[in-house]
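Please open the model in your viewer and keep the sequence panel beside it. The tour goes from one selection to the next and says at each stop what is there.

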Amino acid sequence: MIRILSVAANTFRETVRERVLYNLVFFALLMTLSGLLLGQLSIRQDEKIIKDLGLAAMDLFGTLIAVFIGVGLVSKEIERRSLYPLLAKPLTRGEFFIGKFAGLVFTLFVNLGLMTAGLYVTLVATGRRPDPLLLAAVYPIFLGLLLVVAFAMLFSTVSSSSALASVFTVGTVVAGRFTDVIRNMREVAPGVPPWLVDGLYAILPNFRNFDFKDRVAYGDPVGAGVLAWVTVYAAVYVTVVVALGLAAFRSRDFQ
Amino acid sequence: MTRRLALLLLVLAPAIPWSQAQLDRHAGRYRAQEEVLYLWSGQQVKRLFPGFEGVGADLYWLRTVQYFGGERLFARAKRFELLRPLIDITTTLDPRLEIAYRYGAVFLSEGPPVGAGRPLEGIEVLAEGARRLPHSWRLRQDLGFFHYLFLSDAARAAAILDEAAALPGAPFWLRTLAADLLARGGNRADARQMWKQMFDQAEEGILKENARLRLRILDSQDRADYLTALVAQLGRRVGRRPDRLDELRTAGLWRGPLKDSEGVRFGYDASSGRVSISRESPLWRPE
């Protein structure tokens with residue numbers, strides 16, 4: 001456990017040094033603050049626009065951070081050959097892999113916290129109430145990002161290049177956001193066998209499950225039961241993907 | 001090399017604001033943008049924003065407001081061609097954005113030069129909003145108002161207002177207004193009450209300003225009607241219609257100004273004896 005935490009702490013230190021992270025966080029905060037200006041132009045929609053932009057920035061830029069840093073976590077160690085001395089130490093591949101995952105998750109947690117603070121500051125600066133309900137949308141976004149990181153690490157382990165791993169991860173995230181289209185596919189293409197539709201719908205990660213932005217922007221409450229099931233879904237799916245990644249990492253020949 | 005680069009920057013940097021100033025001088029400081037809509041279907045646009053429909057709707061709503069303002073103030077033709085598709089895309093992306101239905105309907109229904117002059121489309125937008133948000137009494141109220149104010153359909157308006165009155169949170173006077181419309185078939189007092197309600201409910205902005213203008217039109221129409229009655233009265237007294245409106249003053253029948261609420265002198269048709277809002281007035285509307 002201590003070894004996993006050490007790897008996680010090192011990963012956190014390593015990722016916060018990444019320039020791309022600062023760029024993305026900067027743009028996310030800029031997008032949130034732009035709500036101040038855009039709200040003025042919208043006719044009575046300023047609060048909704050600030051919330052929409054802030055939550056969308058967290059979702060979008062959080063995903064970009066998860067993808068671009070996530071795919072580099074393992075592949076960079078392999079490319080730089082810094083993995084070999086690490087694995088020669090009393091550190092199993094499993095501890096290394098899970099430590100890397102935990103480190104990036106913590107980085108995302110800190111970044112999401114920063115973006116949430118930015119959103120609340122923007123709301124307060126415009127004389128709005130710092131609505132605690134927003135956290136009911138931020139939490140599922142964080143769970144969705146865990147899944148993105150898990151996929152990024154899986155693909156970076158099984159594919160030969162970071163670029164390819166990025167393409168696979170982005171493809172999975174986009175497909176996961178279109179699950180409603182897959183579910184209703186037979187309405188536009190009746191020839192598609194139902195087992196294929198049902199199979200795809202069941203297997204693909206449903207990123208729609210983590211989307212409560214619209215409900216929260218309108219002030220609708222999000223039930224604790226729903227959030228609990230979203231947590232269960234994320235926990236199960238993340239565990240499966242991390243386990244797949246771990247299996248691939250363990251069986252990979254680094255010679 | 002560095003010195004040359006610095007010199008180049010020194011020369012070129014002021015050229016940027018200078019060229020912008022030249023552009024503004026030739027094209028006009030304020031000019032309508034050539035608006036283009038690449039995607040006309042709300043469903044198509046929705047597919048481009050998976051998980052980001054809310055913020056997409058915000059952006060399209062901003063574009064709708066900017067497009068309407070740009071066309072209204074700066075465009076020569078004022079065709080508002082993109083207004084309906086922009087409203088449709090916005091409300092498809094976020095079907096709960098009530099304001100897009102309400103303001104969109106006003107933008108579409110008001111006659112030129114204020115709006116697009118397409119009240120049927122405005123009513124379609126409100127009807128779609130009422131279908132998607134069945135608990136919104138405001139959307140139904142507006143739908144009823146628009147049926148009366150723009151289509152003069154008092155019976156349909158009364159039925160819709162009655163439906164609105166039955167929704168939770170609806171004010172009591174909606175039912176009274178519906179009954180009045182049904183009983184009288186609608187008159188200017190009903191129209192005044194509707195615009196007054198829209199004025200009271202709206203926050204400062206386009207909607208309130210439009211309702212204020214409509215109330216001023218009704219005030220001026222009342223005054224014009226009163227002056228028409230005085231013209232008839234004078235005609236009966238002297239045996240002929242007055243040639244000029246000022247004769248009402250000479251005869252001691254009217255001491256106030258012969259102007260509408262915007263300070264523009266009323267028009268007068270001596271052959272029919274009818275006083276009306278002048279075509280020169282910003283309050284004039286085609287009948």
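**Chain A as a whole**

Begin by selecting chain A, where 41% of the 255 residues count as buried, a residue being buried if 20 or more other C-beta atoms, placed from the backbone, lie within 10 Å of its own, exposed if 12 or fewer do, and partly exposed in between. This is a predicted model, in which local features need pLDDT of at least 70 and side-chain atom pairs count only at pLDDT 80 or more, while totals for chains, interfaces and linings use all residues. Residues are numbered from 1 along each chain as its sequence is written, and chains are lettered from A and ligands numbered from 1 in the order in which they are written.

Colour chain A by secondary structure and you will find 12 helices and zero strands, with helices (H or I, at least four residues) and strands (E, at least two) taken as DSSP runs numbered from the N terminus. The radius of gyration of chain A is 20 Å, close to the 18 Å that the globule rule gives for 255 residues, so chain A is as compact as a globular protein of that length; the radius is taken over C-alpha atoms, and the rule is 2.2 Å times the number of residues to the power 0.38. Along the principal axes, the C-alpha atoms of chain A fill a box of roughly 65 × 50 × 30 Å.

Next select residues 224–251 of chain A, helix α12, whose 28 residues reach 40 Å from the first C-alpha to the last, close to the 40 Å expected at 1.5 Å a residue, the expected span being 1.5 Å times one less than the number of residues. Show the side chains of A:Ala234, A:Val238, A:Val241, A:Val242, A:Gly245 and A:Phe249, which are buried in α12(A). An α-helix has 3.6 residues a turn, so residues three or four places apart point the same way. The buried residues of α12(A) pack against α3, α5 (93–125) and α6 (135–158) of chain A.

Now centre on A:Ala150, which touches A:Phe101, A:Val238, A:Val241, A:Val242 and A:Gly245, leaving aside residues up to four places away in sequence; contact here requires C-beta atoms, placed from the backbone, within 7 Å. A:Ala150 is among the residues with the most contacts inside the largest nonpolar core, which has 115 residues, and the others are A:Val149, A:Ala152 and B:Leu161. Such a core is a set of buried Ala, Val, Leu, Ile, Met, Phe, Trp, Tyr and Cys residues joined through C-beta atoms within 7 Å.

**Where the chains meet**

Display both chains together: 21 residues of chain A are in contact with 17 residues of chain B. On the side of chain A that touches chain B, α3(A) gives the most, with six residues.

**Chain B**

Buried residues make up 35% of chain B. The domain assignment, automatic or from a database, gives domain 1 (37–213) and domain 2 (222–276), with C-alpha centres 37 Å apart.

Finally, pick residues 83–93 of chain B, helix α5, where 10 of the 11 residues are buried, so this helix is largely enclosed by the rest of the structure. What covers the buried residues of α5(B) includes α3 (42–48), α4 (53–74), α6 (98–109) and α7 (119–132) of chain B.

Notes: Two residues are in contact if their C-beta atoms, placed from the backbone, lie within 7 Å.
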